[in-house]
Amino acid sequence: MQNTKIDWCDSTINCVYGCPNGCKYCYGRVMNNRFHYCKDWKVPEWQPKHLKDFYSKKPKSIFIDSMSDIGTWEQEWFNEVVKAINDNPQHRYIALTKRSARLGELMNRCCWGRINNLWIGISVTKQDDLSILKFYNPHFLSIEPILEPINLPTNLERKTLIIGAETGNRKGKVIPQKEWIDSLVRQADEHNCVVFMKESLRKIMGDDFRQDKLPWEIEK
C-alpha cells in the first residue's frame, strides 16, 4: 500500500499496471516511463504480490486502479481483487474506468457475488464522455482533467463530482477557465451533488475553492 498525494483518498493499491486507453494526458504512462512498473504500458500486467497490501488493519480510503483502468482487467484479476476487498471491510475502496460496459461484465461474472464497500467512478474530460452514462450508473464522476465546458445530465441526483485540472507539462496542456468550474458547481448544487475540487484548482478558483465531504472519507 502506498501513501498518495491524491487528495480524495488516503492510499493506493495497484495489482494491475498498464492501460490501453491511450489518453494523451495519462499520468500513469508518464510514471511508468520513469519507474518501469510494467514492460509495455499499453498491455495491462497483473502483479498479485500487491494483494497482501489489502490486509492492513487501519481503516483507509484506497484507490485501487491509479495505474490502470479497472474496466480493462482480466476476469481472474478482478475476482482476486474483489476477494481481497470483501476480506477487508475495514477499508473503503474507489475505482475509476472509461470502460463501464466491460466493467459491468466483470461485475456480473464475479465469482464472489456482491461487491461490498466499492465506489465506482466514470472518468470524464469532455462532453462526449458523458454518453457512457446511458449504459452505466456510477457512484461518482471524476471530471479530471477537465478539457472543456461540460453540461451535466439531469439524472445525477446526489452523486459525487471530483473536479480537477490537468497537471504536468504536456505540450498542448489545457488550462481550465474558472467559468467552466463555476458552471459545474451550479449544476451540481441543483442536483444535490457532492463537489470536491482537487488542489490543482485552488489557484484558479480562489475563494470559491470547495471540498465537500466525500462519501468514502474515513473519520480521522
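## Lining of the largest pocket

Helix H1 gives the largest share of the lining of the largest pocket, 4 residues. The model is predicted. H1 spans 27-35, and strands S1 (2-3) and S6 (92-97) also supply at least two lining residues each.

The pocket holds about 1,500 Å³ of space. Its lining counts 49 residues; Ile6, Tyr27, Gly28, Phe63 and Ser66 are the closest to the centre. By class, the lining residues divide into 19 nonpolar, 18 polar and 12 charged.

## Second largest pocket

The second largest pocket has a volume of about 180 Å³. Asn21, Gly22, Cys23, Lys24 and Tyr25 are among its lining residues. Lys98, Thr125, Lys126, Asp129, Leu147 and Arg170 line this pocket as well. The lining comprises 3 nonpolar, 3 polar and 5 charged residues.

S7 pairs with S6 in the parallel sense, over 5 bridges. Alanine 95 stands opposite isoleucine 120 of S7.

Serine 123 has serine 142 in S8 as its bridge partner.

Technical notes. Residues are numbered from 1 along each chain as its sequence is written. This is a predicted model: local features need pLDDT of at least 70, side-chain atom pairs count only at pLDDT 80 or more; totals for chains, interfaces and linings use all residues. Side-chain values use heavy atoms; hydrogens and water are left out. On a 1 Å grid over the protein atoms alone, a cavity is a set of points where a 1.4 Å probe fits but cannot get out, and a pocket is an open set with protein on both sides within 12 Å along at least five of seven lines; lining residues have an atom within 4 Å of a point. Grid points are joined across faces, edges and corners, and a volume is the space filled by probe spheres set on the points. Ala, Val, Leu, Ile, Met, Phe, Trp, Tyr, Cys and Pro count as nonpolar, Asp, Glu, Lys and Arg as charged, and the others, Gly among them, as polar. Two strands pair if DSSP finds at least two bridges between them.
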